[in-house]
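User: Can you walk me through this one? I'd like the cores, sheets and ring pairs.

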Amino acid sequence: MARVLVVGAGMTGGLCAAHLLRGRGRLRVAVWEAATSPGGRMNTSRDPHNPNCTADLGAQYITATPYYAEKHQSFYEELVSRGILKPLLGSVEGITKKDEGICNYVAPRGISSIVKYYLSDSDVLYNRHVTHIYLKEGKLEVCCDSGPAEMFDAVVLTMPVPQMLKLQGDMKTLISESQRQRLEAVRFSSRFALALFYEAGTRIDEPWAAKYIVDNPCIRFISIDSKKRNSESPEVGPSVVVHTTVQFGAENVDKEKEDVEPLILEQLQKVLPALPKPTSVKCRKWRFSQVTEADSSDPGQMTLSIQPLLVVGGDSFTHSNFDGCVESALAVLNVFKCHF
C-alpha cells in the first residue's frame with residue numbers, strides 16, 4: 001500500500017487528505033502540520049479565559065457564486081447537511097458582492113471546523129515543520145525539525161509557494177528552471193488580524209454583524225464574530241475580529257505583531273469609540289494572506305516529479321477562497337488518478 005504525505009493541514013490539505021482516503025483505497029495518507037492545530041488560514045482562535053468564546057482570525061465567511069455553487073454543489077451540500085456551514089443571516093455593511101444567486105455561508109463552530117471535518121479520518125501530526133525533501137531509492141524522504149525523517153511514495157505540498165521554495169534537500173533539482181520562474185512569480189498580500197474577547201453579558205451595540213471599513217488607513221473589516229455566526233449566548237461573551245488593510249499589512253509585515261497590535265487598537269478606538277474594553281486580545285500576522293498573482297499555467301497544481309510523485313497545490317495556483325481550495329484539491333486528485 002502506497003504511503004502518501006500531505007504537508008499542511010489547511011483547507012487544501014484537508015480536502016486532499018479526505019478525498020485521497022475516500023477514493024483511493026490503496027493509499028495510506030498522513031498529514032504533517034507545522035502549527036499546533038489545523039486550519040491554516042481558516043483559523044479559529046479561543047479566548048484564553050473561556051475556550052467556548054472563539055473568533056475567526058482568518059477567513060470570515062464563504063461566498064458561493066452561482067457558478068461555483070453548481071460546480072461544487074456536492075461539497076456545499078455535504079457541509080450544510082452536517083451543520084458545518086449555515087447561511088450568513090447577519091447584516092454585513094459594505095459587502096461588495098450582492099449579485100443575484102450569491103449565497104454567503106458561516107461556520108457556526110468556527111471557520112476551522114470546516115478543515116477539522118475534512119481531517120477527521122486522517123492521521124495528523126502537529127509541530128511537524130518540513131525542512132528537507134530528498135529523492136532516495138525511488139521514494140521521497142521527508143525531514144522535519146522535530147521527529148525522524150520518513151519515506152513516502154508520494155508527497156503533496158499545500159503551503160504557500162514562497163514557503164515551499166525555502167525547502168532544502170533535493171528540491172533544487174526536483175524543480176525545473178521554468179517551474180521555478182513561475183513559482184517565484186506568485187505573490188501574496190499580507191494582513192494582520194486582531195481578536196478581542198469579552199466577558200459574558202457584555203453588550204456590543206452595533207446594528208451589523210460585520211462591516212467593511214472604507215475610510216481608515218489601517219482597518220478594512222470588523223466582525224462581531226458571535227453575531228456573524230449567529231451563535232450568541234448569555235453564557236459566553238462576544239468576540240470582535242479586526243482585519244487590517246492590505247497597505248497597512250505591507251507596511252508593517254516585517255514588524256513583530258506585539259508592536260503592531262497597539263497601532264491597530266488605536267485605530268479601532270477611532271472607528272468604534274464606544275467599544276468596551278476586552279478581557280484579552282490576540283494578534284495574528286498573516287504574511288501570506290491572499291494570493292494576488294497566482295500561477296495558472298497548470299490550473300490548481302504543479303507536478304514537480306512523476307516517479308516518485310511530488311505535487312504542489314493550494315491557492316497559489318487558483319484563488320484564496322474555499323472554491324479555490326476545492327479546485328486545487330480536485331486538480332491534485334486528478335494527478336493521483338493518473339499514477340495510482
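Analyst: One cut-off before the rings. Two rings of Phe, Tyr or Trp pair if their centres lie within 6.5 Å. Planes under 30 degrees apart count as stacked, and over 60 as edge-to-face. Also, this is a predicted model.

User: Fine. Which residues form one aromatic cluster?

Analyst: Y76, Y105 and F322 make up one cluster.

User: And how many aromatic pairs are there by that rule?

Analyst: The count is nine. Take Y76 and Y105: their ring centres are 5.6 Å apart and the planes sit at 25 degrees, so this pair is stacked. Y76 belongs to helix α3 (residues 73-81) and Y105 to strand β8, so the pair ties together parts that are 29 residues apart in sequence.

User: Are Y76 and Y105 buried or exposed?

Analyst: Both Y76 and Y105 are buried. Another pair is F188 with F288. Their centres are 5.7 Å apart with planes at 75 degrees, so that one is edge-to-face.

User: Where do F188 and F288 lie?

Analyst: F188 is in strand β15 and F288 in strand β19, so the pair links parts that are 100 residues apart in sequence. F188 and F288 are both buried.

User: On to the cores. Which residues touch the most other members in the largest nonpolar core?

Analyst: M11, I114, Y118, F322 and F336 do, out of 42 residues in that core. Helix α11 (residues 322-339) gives the most to it, with eight residues. There is another core apart from it, of 29 residues, including V142, F188, V291 and M302.

User: Back to Y118. What is it in contact with?

Analyst: Leaving out neighbours within four places in sequence, Y118 is in contact with M11, G14, L15, A18, H19, R22, F75, L79 and F322.

User: What should α11 span, at 1.5 Å a residue?

Analyst: It should span 26 Å, and the end C-alpha atoms of α11 are 26 Å apart, which agrees.

User: Sheets now. What is the strand order in the open sheet of six?

Analyst: The order is β7-β16-β17-β18-β15-β19, with mixed pairing. Its edge strands are β7 (92-93) and β19 (280-293), each pairing on one side only.

User: How do β16 and β17 pair?

Analyst: In the antiparallel sense, over three bridges, between β16 (residues 210-212) and β17 (residues 219-224). A210 has S223 in β17 as its bridge partner.

User: Which strands does helix α10 lie across?

Analyst: Helix α10 (residues 257-271) lies across β15 (187-197), β17, β18 (239-244) and β19. It runs at about 70 degrees to β15.

User: What about the open sheet of three strands, what order there?

Analyst: β5-β8-β6, with antiparallel pairing. The edge strands are β5 (62-64) and β6 (86-87). Between β6 and β8 there are two bridges. P87 has Y105 in β8 as its bridge partner. That is the Y105 stacked on Y76.

User: What joins β3 to β4?

Analyst: A hairpin, through two residues. Strand β3 (residues 44-47) and strand β4 (residues 50-56) pair in the antiparallel sense over four bridges. T44 has D56 as its bridge partner in β4, and R46 stands opposite T54.

User: Last topic, G110. Where is G110 found?

Analyst: In the loop between β8 (103-106) and α4 (112-118).

User: Why does G110 count as buried?

Analyst: Because its relative accessibility is 0%, and the cut-off for buried is under 20%.

User: What does G110 touch?

Analyst: T44, D56 and R229, not counting residues up to four places away in sequence.

Key
Residues numbered from 1 in each chain as written. Predicted model: local features only at pLDDT ≥ 70, side-chain atom pairs only at ≥ 80, totals over all residues. Heavy atoms only, no water. Core = buried A, V, L, I, M, F, W, Y, C linked by side-chain atoms within 4.5 Å. Buried < 20%, exposed > 50% of the residue type's maximum accessible area, 1.4 Å probe, protein only. Contact = heavy atoms within 4.5 Å. Pairing = 2+ DSSP bridges. Axes fitted to C-alpha atoms, helices over the stretch in contact; angles between N-to-C directions. Expected span 1.5 Å × (residues − 1). Phe/Tyr/Trp six-rings, centres within 6.5 Å; stacked < 30°, edge-to-face > 60°.
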